[in-house]
Structure formats: C-alpha cells, structure tokens
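Please read it beside the sequence and the coordinates.

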Amino acid sequence: MAPCRRRTSSTELLSLRSTGSLQAGTLSRLNMRILRGVILQDSRNFIKVWSKTSKSSIAYENGKIYFENYQNCYSCVHSQPQVLYKLPKRSKLEKIEDALLCQSPLDRALTSPSDHKPSLLVLTANNFLYRLSAETGEELQRVYLSPHHKFRYLGWDVSQEIFYVKSIQNKATSLARQAGITQDTLMHLAIFHVFPLQIVGIMEISKKVFGNGVTDVVLSQGVLAVSYSSKSVKLYSFEHIVNKYMTKKFALGQKSSLHGGKTVGEAPLGIPVNIHFSDCPPVLFEVSCSDNSVQIGGYPWHYIYTPPHKYHKGTHHICSLVDSVLATNGIQDMKCCSLETDWISFHPDDSGRIIHVGPSTINVLKILTELNSGLPSEVVEDFSISTHRNNNAASQVSVTSSGRTVKRRFDLLDDDPEHETFRMVEYEDELDLLAVVVTEGEGEGRAEVRLHDNKSGKLLRKLHLVEPWDETFRHELFFDKDTIVHIEQKNNNFCCHVYKLQATRK
C-alpha cells in the first residue's frame with residue numbers, strides 16, 4: 001500500500017518560506033494549489049467590482065487592462081483595478097499600431113537590469129518600435145525600422161524567443177495593373193531576438209522567390225509558414241534561411257560603414273535588409289488546406305487541417321507530421337448546424353492533447369502512438385463535456401396564451417439562444433482549470449462561467465456573470481487566477497467588467 005501524502009497547510013508553507021526551506025518553483029506550485037482550493041470553496045465567489053467603457057478597443061494581458069489604444073494602463077492586482085500609468089497623447093503619426101507583452105526568462109542572467117522586468121513592445125505608425133516598462137510606461141528602448149517599408153503588425157515565435165514585425169502588403173496600383181506591371185515584392189519581415197532586444201534580420205518576401213500565389217507569411221515554432229492563393233501552406237526552416245541567406249549581421253546602435261557611417265536602428269537609416277534570397281529555400285512540409293489554416297503540435301508531432309474540398313467542410317483531419325498518414329479516428333466531425341463553426345486546436349497546456357469545441361460539446365482528445373510499430377497513431381477521447389439540453393420532440397410544440405398549440409416547422413440551430421450553448425473556453429495554466437462560458441436565453445441572455453478540472457473534465461464550480469450577454473456582439477473573457485475580465489463590444493462602444501474573488505457574505 002502506497003504511503004499517504006501529508007497535506008501542507010498555508011501556515012506551514014509560510015513558515016517554511018520564512019526559513020528559506022522551499023525553493024521558489026516549489027513554493028509557487030504549492031501556492032497555486034492552495035489558491036485553486038480557495039477558488040473552489042462555496043464560501044468564496046467572484047464578485048463584480050468594476051466596469052469601464054471606452055470608445056476604442058480594450059485589451060487585457062497578464063493582470064493589466066489597456067485602454068485608449070494602449071495609452072492608459074490599469075492594474076488588476078488590487079481589490080479594484082487602479083491606474084498604473086497614462087502615456088502622453090500621441091499624434092496620428094505616432095499612433096500605436098500593435099503591441100506585445102514581453103516577460104523575461106527566469107533561468108538566466110541578462111546584461112541590463114531592465115531586461116529582467118516585464119515590458120511592452122509597441123509599434124507606431126511612423127515605423128518606430130518601442131520597448132516600454134510594463135509597470136511605469138517608461139521608454140526603455142527605441143528602434144527605427146525603415147524609411148522605405150511600412151510596418152504594421154507584431155507576432156510571436158515564443159519557442160524561439162523571437163518576435164517579428166510584418167509590413168503591409170505591397171499592391172500594384174490600378175495604372176500599373178492596366179500597364180501589365182506586376183508587383184514582385186509582397187512584404188517585408190523584420191525579426192528580433194527579445195532577450196535582450198536585438199535584430200536578427202530583415203527579409204523581403206517576393207513572388208519571384210516563393211511563387212506568384214503567395215498571400216501571407218508568419219513565423220511559428222522556428223519555421224516560416226507561407227500561405228498561397230491555391231489554398232496551400234508551405235513551411236521553410238527559419239534557421240536554414242538565416243544561415244544561408246544572411247549577407248551581413250547587424251547590431252542595434254552599430255555604425256554601418258556600408259551606409260555612410262549611419263547608425264543601425266536609428267533614423268534616417270533604420271535597419272537595412274540583410275537577408276537576401278538567391279533561390280527558394282527547400283520546402284520542409286506542404287499541405288493543401290481550407291482557409292490556409294494548419295496547426296502543428298502533439299507528441300509525437302501531428303498536424304490538424306481541413307482539406308480544401310466542399311465535402312470535407314466542417315471536418316478536421318489529424319495526421320502524422322512524419323509521413324502525413326491519417327490517424328485512426330483522425331477525422332473529427334461534430335456535424336453541428338450553427339451560425340458559429342466549431343473549432344479545434346492543440347491544447348495550450350502542452351500535454352499534446354487536442355481540444356475540440358462545438359455549440360453543445362467539448363471533446364478533449366489524446367493521440368496514442370506505438371513507437372516503431374509501423375501502425376498509424378490513434379485519436380481517442382480523453383474526456384467530453386456536454387450542455388444540458390431537452391431533446392424531446394415535445395419541445396418543438398408550444399402553447400400560446402390563448403391555449404392554441406403551435407408546432408415549429410423547423411429545427412433550432414445548435415447555437416440558437418434558446419439552447420444552452422458553449423461560447424468560449426479559457427485555460428488557466430497556473431490553476432490547471434478550464435473556464436467554459438455557457439449562455440442561454442434570447443437577446444440579452446445570461447452567461448455563466450463553469451470551472452472544469454483540466455485533467456478529467458469534472459465540473460467543479462459555476463460562476464454567474466451579472467451583465468447580460470448579447471451574442472450578436474463580440475465578447476472576450478479572461479480567467480486569471482483570482483480575476484475574471486469580461487470585455488464586450490456593443491456597436492461602437494466597448495466595456496470592460498472585472499470580477500474579483502471575495503468571501504461570500506452571509
């Protein structure tokens with residue numbers, strides 16, 4: 001018989017911490033276990049403590065709420081959100097186009113003390129990239145990108161600790177099209193290491209190199225993913241591209257002898273293009289897919305896609321990345337009839353599982369593989385969560401106030417407001433909980449957040465949102481330890497509602 005594990009109380013943990021008997025990682029995990037237990041207690045509840053409206057979009061990230069296009073920042077650490085900082089007003093030329101929150105690693109020392117603190121990377125309309133303190137808004141670093149290319153978007157490649165800045169797409173003018181002149185350059189991509197902030201390179205994405213049908217590119221998991229108008233995606237090794245096609249290494253603040261001694265990363269030079277393609281890199285992987293959407297993950301590596309054929313619409317195919325063999329039970333189809341389509345992705349908990357969400361069902365799947373067996377992998381259900389619905393045929397019949405019986409001539413959609421419907425799923429990684437938003441009721445219906453155990457799917461707690469949930473508008477919900485943030489858009493207005501964990505009043 002296995003020995004029982006002794007439970008450690010909060011008082012004992014605090015005592016151990018004061019004597020230095022616990023390592024930081026161990027203490028953090030135990031603290032989160034305690035917090036999870038507190039959240040699931042009946043004596044605690046999430047109470048709405050704050051609301052704020054805005055004419056511009058609202059963003060939430062890691063305990064901070066951003067208003068007025070990242071100009072104003074509120075902290076959610078306290079019992080009610082409080083102003084953390086307000087940036088000076090910017091002109092249209094300095095408008096913030098995009099932003100990323102950057103958290104430094106804890107496992108190594110960095111040269112500058114500011115590199116160890118969280119920062120906000122912002123891209124402005126005049127092609128400047130700023131690194132701001134996430135706590136004060138203070139400018140820590142400024143990089144001028146280019147006088148020639150208009151950069152607009154930021155994106156992460158978290159696994160490689162790099163991010164990229166993507167320019168707008170170059171489109172030929174109507175006069176050029178009439179003259180038969182084609183635009184070869186699609187866009188430019190600037191790639192940076194983030195710890196510390198340093199340039200890797202800038203590359204041109206051209207039709208001459210990647211083909212006439214190229215429509216978009218992203219960096220993810222160390223590969224350059226290129227989308228094509230032919231509904232296909234090709235993957236190229238970013239490491240190979242840097243090693244083969246980089247003509248010169250640059251460092252921010254370096255004087256460039258090739259450009260008259262001008263400084264790299266400062267106006268007027270910016271950062272010169274230093275990755276030049278002499279030919280097309282070798283293709284690592286290619287797949288034809290609907291909406292140019294393919295996801296890679298799992299253990300061992302698999303990919304999820306929908307073939308670009310009408311009869312495959314609504315299905316999701318799970319295949320081995322090694323040989324593209326379809327897994328047993330690898331075609332997932334919820335056969336739902338709804339306005340909002342179901343969605344599928346690899347689980348964000350890095351377990352290699354797959355989460356498939358529809359209007360009435362959430363399936364968490366796992367991939368089973370026998371190594372060196374020669375057999376295809378198999379997709380099996382780990383657990384499933386379902387809504388409570390009355391599927392009785394009598395529900396198609398209603399009685400009016402005058403006593404007349406009326407029978408529907410049509411079936412309701414799977415996500416009809418009359419049905420209890422799954423709207424979104426949020427994973428809280430530190431508490432290992434799934435927060436599932438469920439709505440019911442036409443028009444301004446009501447919503448509740450159901451907390452499920454991430455390992456088993458067991459329902460642990462139900463939390464009710466106070467404000468009505470109108471499904472005709474856009475919603476976002478964030479579950480972050482002791483805080484729930486609900487952001488909704490109603491016509492041209494945005495509203496942010498904040499709930500905090502509190503003791504329930506008797």
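Lys-500 touches Asn-45, Phe-46, Ile-47, Val-49, Cys-76, Val-77, His-78, Ser-79, Asp-482 and Thr-483, leaving out residues up to four places away in sequence; contact means heavy atoms within 4.5 Å. This is a predicted model, in which local features need pLDDT of at least 70 and side-chain atom pairs count only at pLDDT 80 or more, while totals for chains, interfaces and linings use all residues. Residues are numbered from 1 along each chain as its sequence is written, and side-chain values use heavy atoms, with hydrogens and water left out.

**Lys-500 and the chain**

- Lys-500 is in strand S37 (residues 493-503); helices (H or I, at least four residues) and strands (E, at least two) are DSSP runs, numbered from the N terminus.
- Lys-500 has a relative accessible area of 4% and is therefore buried; buried means under 20% relative accessible area, exposed over 50%, and partly exposed in between (1.4 Å probe, protein chains only).
- Lys-500 and Ser-79 are 421 residues apart along the chain, yet 6.8 Å separates their C-alpha atoms.
- The chain has 5 helices and 37 strands, and buried residues make up 45% of its 506 residues.
- Of the contacts in the chain with a separation of 6 or more, 47% are between residues 24 or more positions apart.

**Pro-272**

- Pro-272 is in the loop between strand S18 (262-263) and strand S19 (285-288).
- With a relative accessible area of 10%, Pro-272 is buried.
- Beyond its neighbours within four places in sequence, Pro-272 is in contact with Ile-202, Phe-250 and His-259.
- Pro-272 and Leu-258 are 14 residues apart in sequence and 9.9 Å apart in space, C-alpha to C-alpha.

**Backbone geometry**

- Most residues other than glycine have a negative phi, and most peptide bonds are trans.
- The peptide bond from Phe-195 to Pro-196 is cis, with omega near -5°, and Pro-196 is in the loop between strand S12 (185-194) and strand S13 (197-206).
- The peptide bond from Tyr-299 to Pro-300 is also cis, with omega near -10°; Pro-300 is in the loop between S20 and S21.
- Asn-62 has a positive phi near 50°, lies in the loop between S2 and strand S3 (64-67), and is partly exposed at 37% relative accessibility.
- Asn-127 has a positive phi of about 70°, lies in the loop between strand S7 (119-124) and strand S8 (128-133), and is buried at 6% relative accessibility.

**Aromatic rings**

- Rings of Phe, Tyr and Trp (its six-membered ring) pair if their centres lie within 6.5 Å; planes under 30 degrees apart count as stacked, over 60 as edge-to-face and the rest as tilted.
- The count by this rule is 15 aromatic pairs.
- The rings of Tyr-60 and Phe-478 have centres 5.1 Å apart and planes at 40°, so this pair is tilted.
- Tyr-60 lies in strand S2 (residues 59-61) and Phe-478 in strand S35 (residues 475-480), so the pair ties together parts 418 residues apart in sequence.
- Both Tyr-60 and Phe-478 are buried.
- The rings of Trp-156 and Phe-163 have centres 6.1 Å apart and planes at 70°, so this pair is edge-to-face.
- Trp-156 is partly exposed, at 28% relative accessible area, whereas Phe-163 is buried, at 0%.
- One aromatic cluster is formed by Phe-210, Tyr-236, Tyr-245 and Phe-277.

**Charges over rings**

- Lys-52 lies over the face of Phe-67, at 5.5 Å from the ring centre; the rule asks for NZ of Lys or CZ of Arg within 6 Å of the ring centre and within 35 degrees of the ring normal.
- The charged end of Arg-142 sits over the ring of Phe-128, 5.8 Å from its centre.

**Cavity**

- The structure holds 1 cavity of 30 Å³ or more; on a 1 Å grid over the protein atoms alone, a cavity is a set of points where a 1.4 Å probe fits but cannot get out, and lining residues have an atom within 4 Å of a point.
- The largest cavity has a volume of about 50 Å³, a volume being the space filled by probe spheres set on the points, which are joined across faces, edges and corners.
- Its lining consists of Cys-102, Ser-104, Ser-114, Asp-115, Lys-117, Ser-119, Arg-131, Val-194 and Phe-195.

Definitions and conventions: 1 Å grid on protein atoms, 1.4 Å probe; cavity = no way out; pocket = protein on both sides within 12 Å on 5 of 7 lines; lining within 4 Å.
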